[in-house]
Amino acid sequence: MGETQLIAEPGIPQVVMIREFDAPPELLFRAYTEPELIPQWLGPRRLEVEVEQLDVRHGGQWRYIHSDADGSYPFRGVYHGTPSVEDGITQTWEYEGAPGHVHLEVAKFEEIDGGTRLVLTAVYPQVESRDAAMASGMESGARESLERLDELVGTLQPA
């Protein structure tokens, strides 16, 4: 439905990503919380994704392993608050290859004219952490993930 906007203002340790989808919020929420759907959109197309752990509740933990011929790239995190379509999803993200570099991400699903505006806000402990994430390829990976998410939700039917 639209292009991904990515906002990383100088001096502010956050990245805001916005994309509009021609699908209701419930379908985006499902794509974020159903283990069989996550590998269909999360990460660049060149990587395989395994959902090793997914406990979608307050305090629940998750772990995804991205992999290709060169190796594996595990990520993990914890949910904060109870994930829901109305309240969104708040969770931490940590790449296990760089332990201790954790950021908090909030995903909000805003209903707009029969579709959804997804607003992702990633907050880092300092600007340097944000800049390191951006330099590591996070921007291109996020854009490709959201393109893939757009493709996926176009194929889903409401529950």
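Q: Why does E139 count as partly exposed?
A: In this predicted model, E139 has a relative accessibility of 30%. Buried means under 20% and exposed means over 50%. The value for E139 falls in between, so E139 counts as partly exposed.

Q: What makes R143 partly exposed?
A: The relative accessibility of R143 is 27%.

Q: How do you know that the side chains of R143 and E139 meet in a salt bridge?
A: Their N to O distance is 3.1 Å. The limit is 4 Å, so the pair qualifies as a salt bridge. In general, side chains of opposite charge can pair when their charged atoms come close.

Q: What makes E34 and R30 a salt bridge?
A: The closest N and O atoms of E34 and R30 are 2.8 Å apart. That is within 4 Å, so the contact counts. The structure holds 13 salt bridges.

Q: Is R30 buried or exposed, and how do you know?
A: R30 has 19% relative accessibility. Buried means under 20%, so R30 counts as buried.

Q: Why is helix α1 described as mostly covered?
A: Of the 9 residues in α1, 8 are buried. The buried residues are P25, L27, L28, F29, R30, A31, Y32 and T33.

Q: How exposed is E26, and where is its place?
A: E26 sits in helix α1, residues 25-33. Its relative accessibility is 44%, so E26 counts as partly exposed. Together with E86, D87 and E111, E26 forms a negative surface patch.

Q: Why is the pair of F29 and F109 called edge-to-face?
A: The structure holds 8 aromatic pairs. In the pair of F29 and F109, the ring centres are 6.1 Å apart and the planes stand at 85°. Centres must lie within 6.5 Å and planes over 60 degrees apart, so the pair is edge-to-face.

Q: What parts of the chain does the pair of F29 and F109 link?
A: F29 is in helix α1 and F109 is in strand β7, residues 102-112. The two are 80 residues apart, and the pair links distant parts of the chain.

Q: How do you know whether F29 and F109 are buried or exposed?
A: F29 has 15% relative accessibility, so F29 counts as buried. F109 has 7% relative accessibility, so F109 counts as buried too.

Q: Which residues form one aromatic cluster?
A: The cluster consists of W62, Y64, F75, W93 and Y95.

Q: What is noted about the phi of D113?
A: Phi of D113 is near 40°, a positive value in a residue other than glycine. Most residues other than glycine have a negative phi.

Q: Where does D113 lie, and why does D113 count as exposed?
A: D113 lies in the loop between β7 and β8. D113 has 84% relative accessibility, and exposed means over 50%, so D113 counts as exposed.

Methods:
Residues numbered from 1 in each chain as written. Predicted model: local features only at pLDDT ≥ 70, side-chain atom pairs only at ≥ 80, totals over all residues. Heavy atoms only, no water. Patch = residues over 30% accessible without salt bridge, like charges linked within 9 Å, V, L, I, M, F, W, Y side chains within 5 Å. Areas by Shrake-Rupley, 256 points an atom, 1.4 Å probe, with all protein chains shown as cover. Lys, Arg positive; Asp, Glu negative; His and termini not counted. Charge placed at Lys NZ, Arg CZ, Asp CG, Glu CD. Helix = DSSP H or I, 4+ residues; strand = E, 2+ residues; numbered from the N terminus. Buried < 20%, exposed > 50% of the residue type's maximum accessible area, 1.4 Å probe, protein only. Phe/Tyr/Trp six-rings, centres within 6.5 Å; stacked < 30°, edge-to-face > 60°.
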